Every structure is written in C-alpha cells, then in structure tokens.
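Please walk through the model below with the sequence at hand.

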Amino acid sequence: MIRVQQFVNDDWKFDFGEHPGAETEAPERDWYDVGLPHSFEQPDFRAHRIYVGHGCYRRVIDVDEAWLGKWIALEFLGVFQTCEVFVNGRFVGRHEGGYTPFTVNLSDAVVAGANEVFVRVDNLWNPRLAPRAGDYSFAGGIYRDVSLIVADRVRIDWYGIGVTTPEVSRELATVAASVEVVNDEPRPIHVNVAAVVSDPEGSVAALPSVRRTIPARSCAVVELEGAVADPLLWHPNHPHCYELTASVSVDGIARDSQQTSFGFRWFEFTADRGFFLNGEHLDLHGANVHQNRGGWGDAGTRASISRDVAMVKELGMNIIRGSHYPHHPYFAEECDRQGLLFWSELHFWGIGGEDTEGYWFASAYPVEEADEPEFEESLRRALRAMIRTQRNHPSIITWSIGNEAFFSDDKVIPKAKALTSELVALSKEIDPTRPAAVGGVQRRGFDVLGDIAGYNGDGAELYMNPGIPSVVTEYHGTLGNGPGEYEVQWEHGVETDYPWRSGKIFWCAFHYKTIAPGSGLMGLADYFRRPKRAYHWYRERLLGIAPPEFPEPGAAVAIRLKSDADTIPTDGTGDARIEFELLDADGRHVADDRPVTLAVIEGEGVFPSGDTITLSPEDFSMWDGAGAIEMRAYAPGVQRIRATGEGLEPAELTLLATGPAKPARNSARRLPPPAPSLAEPPSVPGFMSLAAYRPVRTSSTATGFKGGNATEPGAAIWRAERQEPGEWIAPSLEFQYRINRIEIDFAEPPAHPWTVETAEDGRTFTPMHHAEPGGERSVRIEFETRTALAVRVFFPEQPIDIEEIRVH
C-alpha cells in the first residue's frame, strides 16, 4: 500500500487536570477547543512561575476500513514530559521524556470509522527523569506536531533510514544507506530493497538493490551502497542537499517507501587549528537558541522555526547551538536548507544555586541513589532517539551530551562525570561519524570527557589553548527588556579570535521564558522575535549592513499593520507573524507607548490568548511603538484582523487560511483560560552558595590564580595581577536572587580596606558594606534582603588575596 502520513494537529479538546476515568467515559461538560502545537502556558508573556500538573487532550480520528490490518500509529514529535495514550478507552502507550519524538501503535485498538483518542500529560518534576534542573521553563503540553501514520505490515521502520557518506571529495562521494525493514507478517518474507539518490534537478544515482529474507515478526537492517560523481558539497554558503528514497517490494509489488534528506560534506575539529569544513578553515560564530517564544511558549509552528533559523542566518552567523535539549526535527531540516551548522544537544542539564530537590533548581545528577538507574536510562533513551531522528542532517556536526552538569551535588560529581563519559561513548557507538561534545564544562574537569569541550562564560579565559578541540559555547553581551544598547559588551576576552579555538556561540539569539527570576533577557531579539539594537550591531559587524533608523519618541495617530505571510495552512504547521507600528501625522514610525489590541473580526484565526490579544509596554510585548505576535488558523477561510488603540486610527489586514473544508460548528468555539494555578518552588533553602562554580569577572588576574578559584570550594586563591588601587573581583550569580548574606574567606587577615558591592543588573554596582584594615580572615556579612545578579569586592587602595566568596 501507499504509506499515509497526515497531521492531526487540529480539532483537539483540552482541559487542565488529571481527569481520572475520562479515558473511558465522555466528560460531563464540554472541554476547550485547542489546536496543536499547544502549551499549558498559553498565553505566555514570560512570567517565571508556571503551572505544574496535568492536562488532558481528546480528539476523534477517522480510520478508513481499508487501513484495518495495517500498521497504524500516532507520531508525537514532543510532549512535555510524561504522557499516557488511550484509544477507545484502551491503553496503548506511555512515554517519558519531554524532548524526543515517539510513536504509539494503535493497530489493534482502532475500528473502522470514528475512534476516540485520549492523551493525559503531566509536567511534574521527577527526580528520576532528565532534566532535573535548568534555566528554562518546563511547561507541559503536546507542544509539537502529531501525525497519523498508516503503513504496510512489511515496511521501512519509523525513521528507519540511516545515510552516511564514508568517502567524500569534490570528484566523488560514496553513499551508504542502512534500511531497517519490518515484517509484521506471521511468516518470513522475501523482500527487495532499493534506493535512489536525487537532487532538485532529478535522479543522480541508483544504489544496487539487495534481496533479503526477513523472519516473521522481526526487523532486519539491509545495507545499500553507491556513489555520486561530482557531488555538490553542503556548506553554509551553499547548502546543497540530496534526497534518498528507499523502497521495499515483495514479488515485484511495492509495499513501502520513505525519503530522507542528506548532504555531502566532511569536517574536523582540531585542538590547534580550529574547525575545518570540506578541507577549508571555517571560524564558527553563532548563537544559542531556545524553542519557546512570545505568546505561544514552547508550542511553536514549523513556520516559526523557519523564522528563527532565518534570523540567525541574517546576522551573518554560521552555527546554532540547540540549547539545551533535542529540538524539533524540523529545526535541523531548516538548518540544512538555510545553511547553518547545528550543535544538537542532550538535556543533561544543571543550573546551580539552591540545589534543592522538588523543582528544577536541583542537582543535575540525582542525590538519592534510588533515583540513579531510571535517571541515567532516561538520558540513554533520549540520546538514542535524538540521534535516530536527526542523524541524516548534514548541518549537525556534533552530538552534545548536555550543559553544565557540573552543577551537581558535591557527593555525586564522580557519578555525573561517569555518566557523561558513558553517554559520550554511547553517542559514538550509535553514530561513529560525528564527534561527541560536552557543553558548559568550565568547572570540575568535565572538559576532558568528550571529543569537544564547550566552555561557557569565564571558561573562555580560564582555558586558554586547552590542548583539546574547544568552542566557547556561551558568551554574553546584552541584557534587559526593550531595545537595549546598540553595542554588544563582550566579556572574558571573547573578542579575540585564537587559531586553536573553533569558534564562539553567543548567549543567546532570543529572550526566553525561565523559572529563574530575572533571567532569560540576554537575547539579541526579544521573546516575540523583535530585533533589539544589538541585533543590528551584529549585522553591521558581521555583514557590513548599516542599522535602520530607530524611532524617536513622538505622538502617534495611526497604526500600520503587516504580515509576513498572505496565507496560513490549517494543519498547525504554519502561522502568520503580525506586526504593527505606531505612526505620527507624517506617517513616520514613532516610539509611542500606547497599548494595541489585535482582534480577529472575521474567520477563526487565533492568537495565543484567543480571538484578541493586547500588546503593551507593561509586559514588554511592545516597545519603540511596535509589537509582533504570531497568529494561527485551524479552519479555512478569510481571516480579517483589526488593530486598535486609544486615540489611534485603526488598521486592518486580510489573510487567507487554506486547507480542507470543515463542517460548521454546532456551538461557539471555547478557548481555554490561563492555567488554574502556578507552582511555587520549594521554600526550603539550599546549602550551596549561590556563587559556587559561577562565572567570575576580575580587574586583573595573576598567572595561576584565576578568578574562578574564588567561587570553587577548595580551590587555590584569586590574586590580582596589579597591586594597585581600584582592583576588584565580581562573581556573577547568573540569575537575579534575593540575597541577605555574603561570606568572604581572605587568604590572610585584611591589611587594606575593602568594600562589598551588589548589582541588580550585573553591571551597575552599589556599595553595601565597607571595612577598614584588620579583623578576621573569614568574614560574614548579613544585611537586609536585596536583589542581586552579581556581587563585587572592591579594593580602593590595594587588592587582597581571596580564597572563597559565598553568597546566600
């Protein structure tokens, strides 16, 4: 039969809560209407508290009678983070893990005609399920696409084609295809497996077919080989992709076929000469990207993914780090198509700080021995799934094992390192064609555990010419809401490019929502993907493109409305990005702070909050007299959007939603309200210093006495290189914390005056304690609670050696 794969993102019903028994009995009241992708957090305006609990989804799926007896499955590309699936009241599958695709076999549970699908989802913090911690928002929901798949009982397995290119040159490239063939029949089947390689111009090579016997109810791997003459190489400047189509036939009758995209390229990370692609040196410069976004949270469409990749490409950058979890498979597809290298990362993830169980501020690795086996297996399972579903993408140049897992409890650091080493080995066993990286390894010896070390923050200056392939995987340069400053303020010497360093990756492309108050505001564009001033600074620096004329304050009288798309597909894969600007009497864009309301006045288009949404400076969803939001539609027809604001001439925009016709609704659409309750992190304070293992800036550092020593318990001292007035050391807390105690261990009783300062924004310091020479070597300072992103010890006359700075 011809394989069927169709999106089932529309026409879902949703309600918050666990709803025991609802999988077998229809609920007493009607649920809310939603489309996928969907997040528990819609509408999402970056509030750091999130709903933690259950949400349930229902949908009717029609099954053609001709499909019965075939393999019928639902494909979920991402559900955070645990789900149970029922069909017609029958349990058919469970999945744990919030970032990797999976399928649920419905074959024995469906009937011809209408079938009731019920999915129960929860985002409960689980000590045995990765991630246990992270600077992010762990919102629940079916937040990526869902598809219905129907295929023959003799078929190519799900993501069952692996393509490698063992030898590549500009004259000739070899192709090796591993095709996994499933035989669900009760008897052995003799199959013929073939494959064709094509480019956009047409077929370029046929791989010789192979005959195999597949035992009953089993899966076998069939290897095919071939070659392509004069291959077009994949490179960010010319991202040429090929397509391999594999087919399975029995007795001359086609039973299944699948396609996968791939590319020809070769690359190398070196310890002394940097990174090479297709034999040529390439300096990597890119940005980290989180998946959540203004209004919709994690539940972005494929169109929104395409825009995200394009915004990084338009900066003149050449690599994206998928921070810090496996991204939607479509993300790598877009990197392939648009020409960006991709650092694909697993979610072995730490955050530091309180180190308390029960929420995502915990130790990256479990502190209870009973939790270890399931936690470790959750990462092995996710790594296998990430590689299986993304292995053919030419843009991917490494599998990264995680980020800052050194933020684990002291007693389990050896186990965290052992697991990291095991995952590195597993990734290379699954995919020997790519090196394994470890991200955020600037503390505790994690940098030597992989093939590539990714240094965050002050790791850029702590590990100079480390003798292993390395990348600066996070460096900062801008902070805050609104337009921000034009020039990026680089730290830790990243402005200098060294021949031994493969490159650097900015933190980060876009603002993101996080459970950590005050964090998530380091993007070159805001949460709604509006470029800040620093975005244009990068374009000018990397591409020579002059910045646009920025709006000046003024009195607006009208609204200008525009969209990046004229049509919206109704299958949940697309949207339209609606933008507005406020105009003065001369038609110039001005920075007026009046809120603007967008409303769908014709059609069934939907914003994350429903038929209407208001963007306002109060929640930073608009600034500079402008704003943007993505709109979707799940039913075809004309969509008319109207923008209004107090004292402003309204504006209208008409779009067309395209897709199959749908029957008229029996009742008005019911959209879900905001989540009913918000979780509070555990109030029990942790014992870890908030500054422990955090990045440190200094006025100067003597050789061998790095600033990082002052936040690493048991390390050597920090010593300033210059013995002059005005020296200082400033540990970052990385997030805005409410603090009331600072402890300092000097190497000797202070012989010179010193001052302690704090900065709520991490840069503007205010004195809060001054001490004259003398006193004890160890000092404890208690004070009224204040908010701080960084702490600084300042020396007005001469610096003093410091063993450790602790912040609580």
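Which side chain does a polar contact of 3.4 Å join to that of His324? The partner is Asn403. A polar contact here is a pair of N or O atoms within 3.5 Å; within protein, one must be able to donate a hydrogen and the other to accept it, and residues adjacent in sequence count only if both atoms are side-chain atoms. The side chains of His324 and Glu474 are also joined by a polar contact of 3.4 Å.

This is a predicted model, in which local features need pLDDT of at least 70 and side-chain atom pairs count only at pLDDT 80 or more, while totals for chains, interfaces and linings use all residues. Residues are numbered from 1 along each chain as its sequence is written, and side-chain values use heavy atoms, with hydrogens and water left out.

His324 sits in the loop between β24 (319-322) and α2 (329-338); helices (H or I, at least four residues) and strands (E, at least two) are DSSP runs, numbered from the N terminus. With a relative accessible area of 2%, His324 is buried (under 20% relative accessible area, 1.4 Å probe, protein chains only). Neighbours within four places in sequence aside, the residues in contact with His324 (heavy atoms within 4.5 Å) include Asn288, His290, Glu345, His347 and Trp507.

An open sheet is formed by three strands in the order β20-β21-β22, with antiparallel pairing. β20 (267-269) and β22 (280-281) are the edge strands, each with a single partner, so one side of each has no neighbour in the sheet. Pairing requires that DSSP finds at least two bridges between two strands; β20 and β21 (residues 275-277) have three. Glu268 has Phe276 in β21 as its bridge partner.

A cavity is a set of points on a 1 Å grid over the protein atoms alone where a 1.4 Å probe fits but cannot get out, and lining residues have an atom within 4 Å of a point. Volume is the space filled by probe spheres set on the points, which are joined across faces, edges and corners.

The largest cavity contains about 300 Å³. Of its 22 lining residues, His476, Glu491, Met522, Arg697 and Ser732 lie nearest the centre. β41 (727-746) is among the strands that each supply at least two lining residues, and gives the most, with four.

The second largest cavity has about 220 Å³ of space. Its lining also has 22 residues, with Asp135, Trp507, Tyr512, Glu734 and Phe735 nearest the centre.

How values were computed. Buried means under 20% relative accessible area, exposed over 50%, partly exposed in between (1.4 Å probe, protein chains only). On a 1 Å grid over the protein atoms alone, a cavity is a set of points where a 1.4 Å probe fits but cannot get out, and a pocket is an open set with protein on both sides within 12 Å along at least five of seven lines; lining residues have an atom within 4 Å of a point.
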